[in-house]
Amino acid sequence: MGTDTEKASLVLSLRQQGIVDLRVLGAIEAIPRERFVPPALAHKAYEDTALPIAGGQTISQPFIVAYMTQMLDVGARHRVLEIGTGSGYQAAVLAKLCRRVYTVERRRNLMRHAERLLSDLHIHNVVTRLGDGAKGWPEQAPFERIMVTAAAPSVPQALIEQLAEGGVMILPVGPVHGDQEIWRVRRQGAEALYEKLMPVRFVPLVEGVLRDD
């Protein structure tokens, strides 16, 4: 288990980097990040760094999780779509802040592991789906908020269409080996307004479903 000192040190670091939303900081503090990383890396769980997980994927560094969550501005009544369940950590953080999280993962093994972990942690307002993240979850749309945790070369049109009026999407955009940036997209009527926030490096958003079971 992460010690209170390790968690407090991480929260202090996040505050110093501009994370001021107390709900976001509280969610980061409440979720045991060591449960979402491989056991051999549990001692690094509260360092502000990305760590490898199964399937060649990563769990994002806490600052990126906190920053994207803060910029998403999640409300308690919101329904949030997450693209790329991965370890389940980002979904767990979002689940502390909103009514329900709908999360899509293309790797069955990762999805099942995340499902078990969220259940063990008594986080019951997350619904998972095996699918192509670029297509979103149209049957449950519209969503007040959408977060994408893998970099797309451009903003997927299907996801824009699944945003509610006035809704917000946060996602990394850019080529696999080139410059990527976090964008914030706001839906206003038939238009989408784009805002570039900060440079990042993410694993790519890959189309299709991976049959890995």
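A residue counts as buried when its relative accessible area is under 20%. In this predicted model, T103 has a relative accessibility of 0%, and T103 is therefore classed as buried. The residue belongs to strand β4, which spans residues 100-105.

The surroundings of T103 can also be described. Its side chain forms a polar contact of 2.7 Å with the side chain of T85. When neighbours within four places in sequence are set aside, the residues in contact with T103 are E82, G84, T85, V126, V127, T128, R129 and W137.

## The pairing of helices α1 and α2

Helix α1 covers residues 4-16 and helix α2 covers residues 22-30; their axes lie 10 Å apart and the helices pack at an angle of about 150°. Angles over 145 degrees count as roughly antiparallel, and α1 and α2 are therefore roughly antiparallel to each other. The crossing of α1 past α2 is right-handed.

On the α1 side, the contact is made by K7, L10, V11, L14 and R15, which meet L22, L25, I28, E29 and A30 of α2. The residues of this contact comprise 7 nonpolar and 3 charged ones, with no polar residue among them.

## The covered helix α3

Helix α3 is formed by residues 62-72 and is mostly covered, with 11 of its 11 residues buried. Among these buried residues are F63, I64, V65, Y67 and M68, as well as T69 and Q70.

Just after α3 comes D73, which adopts a positive phi of about 55°.

How values were computed: Residues numbered from 1 in each chain as written. Predicted model: local features only at pLDDT ≥ 70, side-chain atom pairs only at ≥ 80, totals over all residues. Heavy atoms only, no water. Axes fitted to C-alpha atoms, helices over the stretch in contact; angles between N-to-C directions. Helix = DSSP H or I, 4+ residues; strand = E, 2+ residues; numbered from the N terminus. Parallel < 35°, antiparallel > 145°, perpendicular 65-115°, else oblique. Left-handed = near helix turned anticlockwise from the far one by under 90°. Contact = heavy atoms within 4.5 Å. Nonpolar A, V, L, I, M, F, W, Y, C, P; charged D, E, K, R; others polar. Buried < 20%, exposed > 50% of the residue type's maximum accessible area, 1.4 Å probe, protein only. Polar contact = N/O pair within 3.5 Å; in protein donor to acceptor, adjacent residues only side chain to side chain.
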